[in-house]
Structures are given as structure tokens and as C-alpha cells.
Amino acid sequence: MRSVFISGAGAGIGRAVAEKFLAAGWMVGAYDINPVDYHHKNLVKGHLDVTDAASWDAALADFVRHTGGTIDVVDNNAGVLVDGPLETLTPDQVQAQINVNCSGVTLGARAAKRYLHRGSTLVNMSSASAIYGQPGIAVYSATKFYVAGLTEALNLEWSRDKIRVVAVWPLWAKTELADVKAPSARRLGVRITPEQVADVVWEAVHPANRWRRGHIHYGVSRLDKLLYRSRKLSPSRVARLLTRVVAG
């Protein structure tokens, strides 16, 4: 039985990913700082504080007792968002986003490496807010730039071990994270479901061919894919103007 470990699996995208892989017959590790309140015969549940290296070590060691010592996929899903102009955020609100979204993802990758094997995949949850820095969610947006950079670096670093590292880049999805007043959420709307993101995680883990196997960044909706490609092709001034229209 193939196995996937998911951080932040208690609700939202993490839960949708868990249910997607459970339905396909995988052994799923659903770990969260909050209790996981759903059940399945192939589900292993546990506590995980992604900002704590010891918590990562304990959670992964607990899960591999059920998998024979290895993991096929680790989904670095946990994340937090606090919206508002930077000067209105408290130092704790700033630090929490950096701790969970940057340190948490990095500690997770570091701890998971020993359990991944040739053909395994690490999936990091980035965001369309990393296409160009987003006003109103500046700290969150910056942390997702970090996730994108970490993904690219590890994709190269771990290639010698034949371990893929990829990132998923959704726009606003229908989760608690999107319950904000950020301009881009109002203008673009919250249209993506957690299940759509889970479908893309599944696609990233199961590339259709050799060309797709070399793919690193995965969009979810047509709009975020368009924005991503436009940013790559357009000068910074054009990308800045487009961002001002969407999120200004």
C-alpha cells in the first residue's frame, strides 16, 4: 500500500487531499496541530506542530510504523494567513506566518528526507500570491515566494536521489484561510474548491509522462495558470500594473 503524510490535514485542502488519497487506497497520515475528526481504516491521525522540529520527528516516526519505514509522498500543506496592511499586523502575527509557512515547510522537508526514497515526491503548498507580491497579504505572499524558492532548490538538490520536489500554486480556495478582506480575494473571488487543489496534488504525484515528470510548479485554475505564465513572459512593470489592477 502506498503512503502519503499530510501536514495541516485537519480541514480544508489538507483534508481534501487526505480523502482523495484514501479513496484511491493509500495509507494516509493526517497530522495537524488541531484534532483530526474524520475516520478511515487506512487513516493514521496524530498531532503535529510544524514549527517544532521535534514534533516533526515524532509525527513522521509515528506514521512510518504503519508503512514499513518509508513514505511515498509528503504533502507540506500546513499554512496560516493574516491579512491587512503590514503596519497594522502585530509582531506575533508577522512571526506566526513566517514560522508556519517558511520554517514549518523547511523543517518538514528536512525531517521527511530520511523516509523518502527513489520515486518519492515532496509536495509543497505555494500560492498564486507568489507570482507577484500581493498588497494586503504582504507577509503571506512573501512566505510563498520562499516556498517556491525552496522547492526549486530541493528539486535540484534531491534529484541525485531521484526524489521529486514540486509546488502547487492555487488562487483563493474555499477554506478558512480565504476568509479575509484582501483586495485580490474580493476582486477575483473565492472560486477554487479544496477538492480541485487535491486533484492537482494527485496529478503532481502521478505525472502522465516524462515531460510532466520534469514539471515543478503546478497551477490549479485557468486564471492562476494564466497569471503565472503572464508573469514569466512580461516585464516587471507590466506584472506590477496587472497586480495593481487585481489587488490594488
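Among contacts in the protein chain between residues at least 6 apart in sequence, what percentage join residues at least 24 apart? The share is 66%, where contact means heavy atoms within 4.5 Å. This is a predicted model, in which local features need pLDDT of at least 70, side-chain atom pairs count only at pLDDT 80 or more, and totals for chains, interfaces and linings use all residues. Residues are numbered from 1 along each chain as its sequence is written, and side-chain values use heavy atoms, with hydrogens and water left out.

The protein chain has 9 helices and 7 strands; these are DSSP runs numbered from the N terminus, helices being H or I of at least four residues and strands E of at least two. Of the 248 residues in the chain, 50% are buried, that is, under 20% relative accessible area with a 1.4 Å probe and protein chains only.

In soluble globular proteins, nonpolar side chains tend to be buried together. Here the largest nonpolar core has 36 residues, and Phe 21, Val 28 and Val 168 have the most contacts inside it. Such a core is a set of buried Ala, Val, Leu, Ile, Met, Phe, Trp, Tyr and Cys residues joined through side-chain atoms within 4.5 Å. At least two of its residues come from each of β1 (3–7), α1 (12–23), β2 (27–32), β5 (121–125), β6 (164–169) and α6 (194–205). Another core, of 28 residues, lies apart from it and includes Tyr 31, Val 44, Val 74 and Ala 112. Beyond its neighbours within four places in sequence, Val 28 contacts residues including Val 4, Ile 6, Phe 21, Val 44 and Phe 63.

Two helix pairs can be followed next. The axes of α1 and α6 (lines fitted to C-alpha atoms over the stretch in contact, with angles from 0 to 180 degrees between N-to-C directions) come within 8 Å and cross at roughly 55°. That makes α1 oblique to α6, because angles under 35 degrees count as roughly parallel, over 145 as roughly antiparallel, 65 to 115 as roughly perpendicular and the rest as oblique. Phe 21 is among the α1 residues that meet α6, and Trp 202 is among those on the α6 side. The residues of this contact divide into 10 nonpolar, 1 polar and 3 charged.

Helix α3 (residues 91–112) and helix α4 (residues 138–157) have axes that come within 9 Å and cross at roughly 15°. That makes α3 roughly parallel to α4. Their contact involves residues including Val 94, Ile 98 and Val 105 of α3 and Tyr 140, Val 147 and Leu 150 of α4.

Technical notes. Ala, Val, Leu, Ile, Met, Phe, Trp, Tyr, Cys and Pro count as nonpolar, Asp, Glu, Lys and Arg as charged, and the others, Gly among them, as polar.
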